[in-house]
2 protein chains.
Amino acid sequence: MAKRRAVIFAAGAAFRRRGYHNTSMVEIARSLGLSKAALYYYVKSKEEILFECHIMVYAAMDEAVKSVKGKGEDGLDKLSLLYSEFARLLTRDGLALLADVDSLKGEYRDTVMARRAAIERAVTRLVKMGMKDGSIKKADAKITVFFFMGALNWLNVWYEPGGRISGEAIAEQFVAQMRNGLAA
Amino acid sequence: MAKRRAVIFAAGAAFRRRGYHNTSMVEIARSLGLSKAALYYYVKSKEEILFECHIMVYAAMDEAVKSVKGKGEDGLDKLSLLYSEFARLLTRDGLALLADVDSLKGEYRDTVMARRAAIERAVTRLVKMGMKDGSIKKADAKITVFFFMGALNWLNVWYEPGGRISGEAIAEQFVAQMRNGLAA
DNA sequence: CATAAATTCGACCCTTGAGTCAAATTTATA
DNA sequence: TATAAATTTGACTCAAGGGTCGAATTTATG
């Protein structure tokens with residue numbers, strides 16, 4: 001069902017632009033040339049759409065984690081590769097971290113939080129590895145991780161696809177600044 | 001009117017915890033032992049509360065910008081001082097950047113966006129100064145700025161006042177990571 | 001006290017927007 | 001083309017929540 005994905009994407013784009021609660025189902029429908037009722041043929045609820053938006057990103061991030069497995073010399077190196085993947089990912093395909101986790105309830109919320117925690121664990125693992133092998137300066141791992149993960153989340157707010165700055169450029173510079181910030 | 005500030009603070013705390021749209025006026029009122037109607041004696045609308053929350057932070061940031069004027073040797077130095085102030089500020093006093101700018105409309109929105117832009121300009125100015133005087137590595141200034149400003153905005157999501165990690169520790173490590181990331 | 005001013009409240013109004021449903025329309029398929 | 005399946009819709013229901021209002025209550029103040 002490709003149309004379902006189209007709905008999720010259209011909604012995601014709108015959520016990113018105006019926020020989850022400031023986007024009505026009617027607006028999403030109109031942006032696809034449909035009526036609201038038709039949306040509910042593809043989707044169970046508005047919350048489900050938000051959920052899928054989040055999951056889509058975490059799925060891609062999991063993929064990225066897998067794709068850099070085995071690559072890279074030391075912790076810092078591995079981390080750089082992964083971070084670069086993340087930056088690329090989030091400036092492409094209309095994928096983007098949403099901030100409205102608070103609007104998810106119950107199972108939806110739990111699942112998303114768990115997926116986010118898993119990503120954070122994967123990143124933290126690399127950071128700690130780097131601290132052990134001497135490639136990353138010793139410091140509080142949590143602060144370290146959240147410092148540069150924040151930059152990724154902040155992308156939603158300012159990055160405009162097709163604008164002056166390419167996702168490629170962002171990825172490169174973000175990695176450089178992270179590397180230099182953490183290198184021992 | 002100190003009670004008005006109490007309302008803004010209580011609301012701000014709730015907004016941060018559960019999000020603007022997931023917090024009802026009744027809940028805010030209850031958290032202060034008041035009825036909803038009583039709230040409207042101190043406040044014009046829910047939107048005004050959100051507006052004040054934002055302004056409060058930007059006022060403090062403006063203050064910080066002023067407080068570091070004239071201090072510091074070079075661009076990187078000045079930037080570090082300012083960034084440290086920012087980090088301290090946002091982990092104190094219940095102050096915190098909110099993400100719900102999208103929920104503000106008209107004048108409110110314009111004002112907040114303008115204030116944010118002003119802060120960004122101040123920071124960007126220092127970055128460019130640093131690139132000129134050789135203390136900061138040359139790179140795209142916008143990407144540079146948003147990289148570490150993102151970390152500050154991400155604080156809302158994970159920082160818990162009174163938790164294991166102190167605001168002081170965050171400020172220190174954030175500054176260190178920013179410095180190393182940017183130093184020429 | 002008495003009276004004015006400052007607060008607070010219960011009850012109400014009203015809009016917005018999510019979600020439903022039976023019927024209509026379009027698109028396969030035999 | 002007849003019939004079933006897949007889509008789409010207009011019209012509706014319903015609850016949540018922001019905001020208002022006149023009355024009640026509490027707190028100054030002369």
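Predicted model: local features only at pLDDT ≥ 70, side-chain atom pairs only at ≥ 80, totals over all residues.
## Where the chains meet

Let's start with the interface.

The axes of α7(A) and α7(B) come within 6 Å and cross at roughly 110°. Angles from 65 to 115 degrees count as roughly perpendicular, so that is how α7(A) and α7(B) sit relative to each other.

Which residues of α7(A) and α7(B) make the contact? From α7(A), the list includes Ile143(A), Phe146(A), Phe147(A), Met149(A) and Trp154(A). From α7(B), it includes Ile143(B), Phe146(B), Phe147(B), Met149(B) and Trp154(B). By class, this contact has 16 nonpolar, four polar and two charged residues.

Rolling a probe the size of a water molecule over the atoms shows where empty space is left. Here the count comes to four cavities of 30 Å³ or more.

The largest cavity holds about 110 Å³ of space. Its lining includes Tyr58(A), Met61(A), Arg116(A), Glu120(A) and Phe146(A), along with Trp154(B) from the other chain. Helices α4 (46-67), α6 (106-133) and α7 (141-158) of chain A each give two or more residues to this lining. Of these, α7(A) gives the most, with four residues. Sorted by class, the lining has eight nonpolar residues, one polar and two charged.

The second largest cavity has a volume of about 100 Å³. Among the residues lining this one are Tyr58(B), Met61(B), Arg116(B), Glu120(B) and Phe146(B), and chain A supplies Trp154(A). Two or more residues each come from α4 (46-67), α6 and α7 (141-158) of chain B, and α7(B) gives the most, with four. This lining divides into eight nonpolar, one polar and two charged residues.

## A helix pair within chain B

Next, stay inside chain B and pick out helix α5 (residues 75-90) and helix α6 (residues 106-133). Their axes come within 7 Å and cross at roughly 150°. Angles over 145 degrees count as roughly antiparallel, so α5(B) is roughly antiparallel to α6(B).

The α5(B) side of the contact is made by Gly75(B), Leu76(B), Lys78(B), Leu79(B), Leu82(B) and Phe86(B). Facing them, α6(B) contributes residues including Ile119(B), Val123(B), Leu126(B), Met129(B) and Asp133(B). In this contact you'll find nine nonpolar residues, two polar and two charged.

## An open pocket

About 150 Å³ of space lies in the second largest pocket. What lines the second largest pocket? Val65(B), Val68(B), Lys69(B), Gly70(B), Lys78(B), Leu82(B), Ala122(B), Arg125(B), Leu126(B) and Met129(B) do. The elements giving two or more residues to that lining are α5 and α6 of chain B, and α6(B) gives the most, with four residues. By class, the pocket lining has six nonpolar residues, one polar and three charged.

Conventions
Residues numbered from 1 in each chain as written. Chains lettered and ligands numbered in written order. Heavy atoms only, no water. Axes fitted to C-alpha atoms, helices over the stretch in contact; angles between N-to-C directions. Parallel < 35°, antiparallel > 145°, perpendicular 65-115°, else oblique. Contact = heavy atoms within 4.5 Å. Nonpolar A, V, L, I, M, F, W, Y, C, P; charged D, E, K, R; others polar. 1 Å grid on protein atoms, 1.4 Å probe; cavity = no way out; pocket = protein on both sides within 12 Å on 5 of 7 lines; lining within 4 Å. Points joined across faces, edges and corners; volume = space filled by probe spheres on them.
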